[in-house]
Amino acid sequence: MKSFCIKFIVIFMLVMPMTTTMADASCKKVRFSDVGWTDISATTSLATYVLKAMGYSPKTYLLALPVTFTSLKNNDIDIFLGLWMPTMTGDITPYFKDQSIDLIRTNLKGAKYTLAVPKYVYDAGVKSFADLNKFAKKFKKEIYGIEAGNDGNRLIIDMINKNAFGLGKWSIRESSEQGMLGQVERAVKRKKWIVFLGWEPHPMNSDFDMAYLSGGDDYFGPNYGGAIVQTVARKGFIAECPNVGRFIQNLSFTLKMENEVMKLIINEGMQHEKAAKHWLKKNPQVLDQWLKGVTTIDGIPALLKVKQTLKMK
């Protein structure tokens with residue numbers, strides 16, 4: 001009987017790691033959405049770099065915001081790190097109501113998202129949303145937004161449709177993050193007037209001498225569009241993939257961190273993954289929290305493995 005028990009224990013110990021590994025292997029491909037904003041590209045790149053070092057095969061899909069939420073509901077995407085609240089409340093509420101998307105955690109505090117102008121425009125008297133129409137000719141009755149379908153653009157369109165702040169005859173110029181910032185850069189060089197969607201974290205806050213407009217609380221929220229950013233996942237993902245789930249639940253960022261990674265991408269032209277690795281090599285201490293209780297896909301502690309990977313060329 002004693003011999004049988006010993007044999008059983010040995011067999012159990014041999015099989016258990018294989019079972020764990022097989023369970024992890026079924027979650028090897030982790031699918032992220034990136035809606036094309038550099039801040040989300042930065043955080044997604046940080047997450048995917050670490051997952052690759054852990055032995056997983058993450059893949060990022062560039063999707064519009066409405067498609068992102070639909071894809072999460074349809075189990076075509078696993079993770080989205082860029083739920084900006086409260087501006088995306090209208091977008092996400094139906095999915096929370098039908099419980100097709102899970103809220104995981106707040107991954108960033110202290111963000112902001114609202115309309116902004118160059119500082120010389122602010123100093124000339126445009127300090128709030130209510131001031132815009134007073135200088136309609138100087139702005140050519142245009143507000144510069146980013147990609148079509150973006151929540152910020154839709155808030156602007158809603159203001160125009162409701163003639164809020166007297167903006168009923170204004171229009172929005174939809175483009176992309178980089179397209180909009182290119183217009184801002186050209187305007188600033190010529191001291192032209194421009195009003196645009198601004199947010200933090202983003203290098204625009206240091207690249208341009210800019211100011212955020214007050215008075216947009218009913219649309220962008222209080223405190224100059226004060227925001228938090230949250231992580232959401234497809235229904236049941238955390239339970240299905242507990243090891244990756246633990247990493248995603250640990251994952252949080254700071255304004256300073258995101259600004260530094262975004263500067264590497266935008267100002268220095270680094271590829272996203274290279275920027276993520278460059279930043280992590282200089283700041284490996286963040287991994288202590290991110291990888292707490294997390295293993296590689298093979299079941300060994302992830303912290304040492306990832307730090308070893310960072311030392312490689």
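This is a predicted model: local features need pLDDT of at least 70, side-chain atom pairs count only at pLDDT 80 or more; totals for chains, interfaces and linings use all residues.
How many nonpolar, polar and charged residues does the lining of the second largest cavity have, by class?

1. By class, its lining has 3 nonpolar, 6 polar and 1 charged residues. The residues concerned are Thr114, Phe129, Leu213, Ser214, Gly215, Gly216, Asp217, Gly221, Tyr224 and Gly225. The volume of this cavity is about 30 Å³.

2. The largest cavity. The structure contains 2 cavities of 30 Å³ or more, and the largest cavity has a volume of about 50 Å³. Trp37, Asp39, Trp84, Tyr113, Ile146, Asn150 and Trp199 form its lining. By class, these lining residues are 5 nonpolar, 1 polar and 1 charged.

3. The largest pocket. This pocket has a volume of about 260 Å³. Its lining consists of Lys138, Phe139, Lys140, Glu142, Tyr144, Gln183, Arg186, Ala187, Arg190, Lys192, Trp193 and Ile194. The division by class is 5 nonpolar, 1 polar and 6 charged. Helix H6 (136-139), strand S5 (142-144) and helix H8 (177-189) each contribute at least two residues to this lining. H8 gives the most, with 3 residues.

4. Although Lys141 is not a glycine, it has a positive phi of about 55°.

5. The second largest pocket. About 210 Å³ of space lies in this pocket. Asp34, Ser41, Thr44, Ser45, Thr48, Lys52, Pro58, Thr60, His272 and Glu273 line it. Two or more of these residues come from each of helix H2 (38-53) and H15. H2 provides the largest share of the lining, 5 residues. The lining has 1 nonpolar, 6 polar and 3 charged residues by class.

6. The pair H14 and H15. Two packed helices are described by the angle between their axes and the distance between the axes. For helix H14 (residues 255-266) and helix H15 (residues 272-282), the axes come within 9 Å and cross at roughly 135°. H14 is therefore oblique to H15. The crossing of H14 and H15 is right-handed.

7. Residues at the contact of H14 with H15. From H14, the contact involves Met257, Glu260, Val261, Leu264 and Ile265; from H15, it involves His272, Ala275, His278 and Trp279. The residues of this contact divide into 6 nonpolar, 2 polar and 1 charged. His272 meets H14 as part of this contact and is also among the residues lining the second largest pocket.

8. Cis peptide bonds. The peptide bond from Met85 to Pro86 is cis, with omega near 15°. Pro86 is placed in the loop between strand S3 (79-85) and helix H4 (89-97). The peptide bond from Glu200 to Pro201 is likewise cis, with omega near 15°. Pro201 is found in the loop between strand S7 (196-200) and helix H9 (204-207).

Note on methods
Residues are numbered from 1 along each chain as its sequence is written. Side-chain values use heavy atoms; hydrogens and water are left out. Axes are lines fitted to C-alpha atoms, for helices over the stretch in contact, and angles run from 0 to 180 degrees between N-to-C directions. Helices (H or I, at least four residues) and strands (E, at least two) are DSSP runs, numbered from the N terminus. Angles under 35 degrees count as roughly parallel, over 145 as roughly antiparallel, 65 to 115 as roughly perpendicular and the rest as oblique. A crossing is left-handed if the near helix is turned anticlockwise from the far one by less than a right angle, and right-handed if clockwise. Contact means heavy atoms within 4.5 Å. Ala, Val, Leu, Ile, Met, Phe, Trp, Tyr, Cys and Pro count as nonpolar, Asp, Glu, Lys and Arg as charged, and the others, Gly among them, as polar. On a 1 Å grid over the protein atoms alone, a cavity is a set of points where a 1.4 Å probe fits but cannot get out, and a pocket is an open set with protein on both sides within 12 Å along at least five of seven lines; lining residues have an atom within 4 Å of a point. Grid points are joined across faces, edges and corners, and a volume is the space filled by probe spheres set on the points.
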